[in-house]
Amino acid sequence: MKFNLQAQDPFSKARAGELTTDHGTIKTPIFMPVGTAGTVKAVHQHELKNDIKAQIILGNTYHLYLRPGLNVLEKAGGLHKFNGWDRPILTDSGGYQVYSLTEVRKIKEEGVTFRSHIDGSKHLFTPEAAMDIQRTIGGDIIMAFDECTPYPCDYGYARRSIEMTHRWLKRCCDRFDSTEPKYGYSQTLFPIVQGSVYKDLRVKSAEVIASFEREGNAIGGLSVGEPAEEMYAMTELVCDILPKEKPRYLMGVGTPVNILENIALGVDMFDCVMPTRNARNGMLFTKEGIINIRNEKWKDDFSPIEADSDLWADREHSKAYLRHLITSKEILGAQIASLHNLHFYLWLVTQAREKIISGEFYEWKNVMVKRLAQRL
């Protein structure tokens, strides 16, 4: 993997770059649609590529490991072949899913024992297993196995947690460096900064993560319920420590406003389930603000979903029609709304990139964050 910085905004820490993998080049800043179980929910692969213009998508280690299982993925030739996506894929390590299974998991130095949400069967994820599983899934970028601490989190627990995450990282790197990719293309490993919302822990973690000198770095454990100001403070602190010549990935973030503010702090890569999850519930993100399409006011609004969009579904379908589909629980409603939101997220980061290159990002961002937060 190669990363080239191409432009820096003169009035913020925002950057534009190019990240090259064996499955293609990604122009940053970038948003990565989440394909939890080998699919971005309600969206075809050709729509992801041609309509949404996604450059990279995510796969979820925990879910893919349980179903369809590693045997099926290996026989298929990896996730790219299995789901028909020929552009880059990033896989998470399963750490976040295990974090969310508080009732059915136990964390020890060896790793995490958990019970499947599907059939209750017992499994063990170790740092080594997380590397082997992601080798088999076949992501271009794979993530270190870490513990994502909850919010709020006791200082002592957060400190012990980052120390274990750093020990786990050493084990991840040792296993990754002693094994080969399975499908004839290269893979790269990103470590993850943790530390909850404690400045000294975040600084320590960022320094340790940077010392491993991997090809890119991630920031985890944010967007777990803390106030936005805390997220921004931690992100800024960490971005000032992580090496400038390597991509920075803020995991699981967030709203359009969160994305713009974190781009301004120096983040290059984002992912979040919000555009698709909120779409299925009738929330649309638009250039003028947020629409709850279930509201009565859209019942007889026959204007296009977004008239100046280059997405066919936005121009062709009215707000009234989409409201009818969503309130009727028609599958097409979830499809159209998901297409719209993902297209909007990719439009937003593409605009941000253009503004960084032209030197207009900071002023544009300040106008956009006010507009995008409005409820229409």
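**Notebook: backbone and binding-site residues**

I began with Gly254, which I found in the loop between strand 14 (248–250) and helix 10 (256–264), where helices (H or I, at least four residues) and strands (E, at least two) are DSSP runs numbered from the N terminus. The peptide bond leading from Val253 to Gly254 is cis, with omega near 5°.

Before going on I noted that this is a predicted model, in which local features need pLDDT of at least 70 and side-chain atom pairs count only at pLDDT 80 or more, while totals for chains, interfaces and linings use all residues. I also noted that residues are numbered from 1 along each chain as its sequence is written, and that side-chain values use heavy atoms, with hydrogens and water left out.

I then looked up Pro68, in the loop between helix 2 (61–66) and helix 3 (70–76), and the peptide bond from Arg67 to Pro68 is cis, with omega near 15°. I kept in mind that most peptide bonds are trans and that most residues other than glycine have a negative phi.

Next I turned to positive phi values. Ala42, in the loop between strand 4 (30–35) and helix 1 (45–50), has a phi near 70°. Ser223 has a phi near 60°, and I located Ser223 in the loop between strand 13 (217–219) and helix 9 (228–239). Ala42 is partly exposed at 31% relative accessibility, and Ser223 is partly exposed at 32%; buried means under 20% relative accessible area, exposed over 50%, and partly exposed in between (1.4 Å probe, protein chains only).

I went on to the record: an unreviewed UniProt entry lists Asp92, Ser93, Gly94, Gly95, Tyr96, Asp146, Gln194 and Gly221 under "binding site", in the numbering used here, with feature names shortened and annotations that may be inferred rather than shown by experiment. From this set, the lining of the largest pocket takes in Asp92, Ser93, Gly94, Gly95, Tyr96, Asp146, Gln194 and Gly221. A pocket is an open set of points on a 1 Å grid over the protein atoms alone, where a 1.4 Å probe fits, with protein on both sides within 12 Å along at least five of seven lines, and lining residues have an atom within 4 Å of a point.

I followed two of these residues further. Asp92 sits in the loop between strand 6 (89–91) and helix 5 (95–100) and is buried, at 12% relative accessible area. Leaving aside neighbours within four places in sequence, Asp92 is in contact (heavy atoms within 4.5 Å) with Gly59, Asn60, Thr61, Gln97, Gln134 and Met143. Gly95, in helix 5, is buried at 5% and, not counting residues up to four places away in sequence, touches Phe145 and Asp146.
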